[in-house]
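Take a moment to look over the model below. We will walk through its spaces, its strands and one of its loops.

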Amino acid sequence: MTPLFSDYFTQVSSRLRAIDEDARSGGLDGAIELIVNAIENDGVLHAFGTGHSEAFAMEIAGRAGGLIPSHPIALRDLVLFGARSDASILVGAELERDNSIVDELYDLYEMRPADVFLIASNSGVNGSIVGLALRAKAEGHPVIAVTSLEHSNAVVPKHPSGKRLSDVADIVLDNRAPYGDATLDLGDGLGVGPVSSITAAYLAQLLTIGAAERIRTAGQVPPLYISANIPGGDEHNGALERRYGARIKPVA
């Protein structure tokens, strides 16, 4: 086994431990409260991320053990549900840097006052990310950010406002990824072993667990997905999904 395997395990575990310590000290309580308040008031959790940060939205929305009133926002929705017909716009990173598409993207969905936004971006500076956070705030929705503060504070914002995601959000959760994301130095300016997907996924699950536990403690049944691949899964999920309809499953 290469020694780098052990080094990477150390890097990952130390960062997860730091997030765990922050959670134990109440560092996630504000975000969990926003999520619970949204659910209790018939709100939906809108999760957005681009590039590898889209994995965070997939952890929040539509998975077994996750909260049913959740909805992933994705740039490809501009083609799937919007007026864009050229799928080539989805290739590369240009679209995620384009702040001009935010209103078009936001207006694809049905938003209600109690909804909350969870937006993930390791860099926290791309145009679509900051732009969606600004639009959500302008519409009166709370924004929870998951970002690397080390990376974000070291780079220049790309949004015309000059703001980073961390400047806009009501609550900022640090994913503890280093500048550049890679944790292991191979020399010659090369790095390997990124961690942001792992730490963001951990944060997503902590938020879900915390919200579900709080709802359960209050004597309510948390609206959680169960696996569609076990008996009764489709029936359980479908019954709850119908309450939210196109708010969590848009139709073209």
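The structure holds one cavity of 30 Å³ or more. This is a predicted model: local features need pLDDT of at least 70, side-chain atom pairs count only at pLDDT 80 or more, and totals for chains, interfaces and linings use all residues. Residues are numbered from 1 along each chain as its sequence is written, and side-chain values use heavy atoms, with hydrogens and water left out.

What is a cavity here? On a 1 Å grid over the protein atoms alone, a cavity is a set of points where a 1.4 Å probe fits but cannot get out. A pocket is an open set with protein on both sides within 12 Å along at least five of seven lines. Lining residues have an atom within 4 Å of a point. Points are joined across faces, edges and corners, and a volume is the space filled by probe spheres set on them.

The largest cavity contains about 60 Å³ of space. Its lining includes His 52, Phe 56, Asn 122 and Ser 197. Helix H3 (54–60) and H9 each supply at least two lining residues. H9 gives the largest share, three residues. Helices (H or I, at least four residues) and strands (E, at least two) are DSSP runs, numbered from the N terminus. By class, the cavity lining has five nonpolar, seven polar and no charged residues. Ala, Val, Leu, Ile, Met, Phe, Trp, Tyr, Cys and Pro count as nonpolar, Asp, Glu, Lys and Arg as charged, and the others, Gly among them, as polar.

Now turn to the open space. The largest pocket has a volume of about 340 Å³. It is lined by 17 residues, and the closest to its centre are Thr 50, His 52, Glu 96, Asn 122 and Asn 126. Three of the lining residues are nonpolar, 10 are polar and four are charged.

Next comes the sheet. Strands of a sheet pair through backbone hydrogen bonds, either parallel or antiparallel. Two strands count as paired if DSSP finds at least two bridges between them. Five strands form an open sheet in the order S2-S1-S3-S4-S5, with parallel pairing.

Follow the pairs. Strand S1 (residues 45–49) joins S2 over four parallel bridges, and Phe 48 stands opposite Ile 73 in S2. S4 and S5 also run parallel, joined by four bridges. There, Thr 147 has Asp 174 in S5 as its bridge partner.

In a regular strand the side chains alternate between the two faces of the sheet. Buried means under 20% relative accessible area, exposed over 50%, and partly exposed in between (1.4 Å probe, protein chains only).

Another pairing is antiparallel. Strand S6 (residues 182–187) and strand S7 (residues 190–194) share four bridges. Leu 184 stands opposite Val 192 in S7. Their hairpin has two residues between the strands, and Asp 188 takes a positive phi near 55°.

Finish at Gln 220, in the loop between helix H9 (196–217) and helix H10 (233–244). Gln 220 is partly exposed, with a relative accessible area of 49%.
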